[in-house]
Amino acid sequence: INAEYMGFIMFCSEEKKEASFLAWLNALKLQASPISSVISLKDGIIILKLLNMIDPDNFKKAGYNLSAGDHWSPCLTNLQRLHSAINRYLEDIQKIAVEKNVINFEAIAKDNDKKNMILFVEKAFSVAMNAKNKDKCIDVILTLEEESQGILMEVAMKYAKEEQRVSSIEHDMLESLQVQLKEKEAERVSILEHMKKYEQDNTDLLQKLSECQKTNAKISSEYEELKAMQENETPKVSLNKEKELLAEIESLTQELAEEEKRYTDLEKTHKEEMAKLNDERLFSDQRIDQLKQVESLYEKEKK
């Protein structure tokens, strides 16, 4: 993330920070419906799901009130218990010193205090960024808008005070970014190959349809010639030839109708698939450009 963002991010508004955390949590799909406000997290359940996902051994779901709803008392109990578990994890597992009394949980539970709730989400986020199962959490950050990436990266740095730990987080972010870039480029190649195959199928079918039309025209011409020659042939011979040609025309007409239907169906499918593949290719190209830009910014920062 470039230097211009760093200056902005340090003083970014509470709303922008909230929006960045919500975008990240929603991208993790911790619940079916989107989270629209940090206050909806005040029962602690979504935060618990997040922490349980990255380290189920240290953040077990047992003992929490999973139906606290908007009632302040069980919400307060959940938040305090979860906060104690986070502090133990930061100090004992991640070896990060923490300030223990900076968050007013009563203000969150009773008054829906957004500022204190954001502080708590920050703390949970810092755990996720340093946990052993952090890959998914980091990968999701790289799918967000650049502004949100910058804000979340700065929050991660805030809790990673040791130089080695900061370097480790930057390395993980860049490594994850490079993996995503490689996957997107492979996906783009696959899309282009599919598009090429559909185009070849379309060409082959058009050629076969053309051949059927030519054959049908030839047989029809022979039939017309036969009718003109009937006066010079014995009725029996003429009738036999006419039956043979009529049978052949009927067979070819049916084959032509089947090929035309197959072509019409395939053409419709082809157009739909090509439109879909083209949309996927454009999206993939845009994502590759975005990832390359972010990768370039990280590389500049490293220098």
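A salt bridge is taken here as a side-chain nitrogen of Lys or Arg within 4 Å of a carboxyl oxygen of Asp or Glu. The structure examined is a predicted model, and by this rule the count comes to five salt bridges.

Lys17 belongs to helix H2 (residues 14–27) and Glu122 to helix H6 (residues 114–130), so the bridge ties together parts that are 105 residues apart in sequence. The two partners may be set side by side in their accessibility. Lys17 is partly exposed, at 21% relative accessibility, whereas Glu122 is buried, with a relative accessible area of 2%.

A salt bridge also joins Lys114 and Glu18, with 3.3 Å from N to O. Here Lys114 sits in helix H6 and Glu18 in helix H2, and this pair links distant parts of the chain, 96 residues apart. Lys114 counts as partly exposed because its relative accessibility is 30%. Glu18, for its part, has a relative accessible area of 8% and is therefore buried.

Loops take part in salt bridges too, as the pair Lys42 and Asp70 shows. The closest N and O atoms of Lys42 and Asp70 are 3.0 Å apart. Lys42 lies in the loop between H2 and helix H3 (45–54), while Asp70 lies in the loop between H3 and helix H4 (72–93); the pair links distant parts of the chain, 28 residues apart. Is Lys42 buried or exposed? Lys42 is buried, as its relative accessible area is 4%. Asp70, by contrast, has a relative accessibility of 58%, so Asp70 counts as exposed.

Turning to the backbone, two residues deserve a look. Lys29 is not a glycine, yet has a positive phi of about 55 degrees. This lysine, Lys29, is placed in the loop between H2 and H3, and Lys29 is exposed because its relative accessible area is 68%. Asn112, likewise no glycine, also has a positive phi of about 55 degrees. Asn112 is found in the loop between helix H5 (105–111) and H6. With a relative accessibility of 36%, Asn112 counts as partly exposed.

The cysteines can be treated briefly. The structure holds zero disulfides. Cys75 is buried, with a relative accessible area of 0%, and for Cys137 a relative accessible area of 0% likewise means a buried residue.

The last topic is the packing of H3 and H6. Two packed helices are described by the angle between their axes and the distance between the axes. For H3 and H6 the angle is about 10 degrees, and the axes lie 10 Å apart. Angles under 35 degrees count as roughly parallel, and H3 and H6 are therefore roughly parallel to each other. Which residues of H3 and H6 meet? From H3 come Ile47, Leu50, Leu51 and Ile54, which meet Phe120, Val121, Ala124, Val127 and Ala128 in H6. The residues of this contact of H3 with H6 divide into nine nonpolar, no polar and no charged.

Technical notes:
Residues numbered from 1 in each chain as written. Predicted model: local features only at pLDDT ≥ 70, side-chain atom pairs only at ≥ 80, totals over all residues. Heavy atoms only, no water. Helix = DSSP H or I, 4+ residues; strand = E, 2+ residues; numbered from the N terminus. Buried < 20%, exposed > 50% of the residue type's maximum accessible area, 1.4 Å probe, protein only. Disulfide = S-S within 2.5 Å. Axes fitted to C-alpha atoms, helices over the stretch in contact; angles between N-to-C directions. Parallel < 35°, antiparallel > 145°, perpendicular 65-115°, else oblique. Contact = heavy atoms within 4.5 Å. Nonpolar A, V, L, I, M, F, W, Y, C, P; charged D, E, K, R; others polar.
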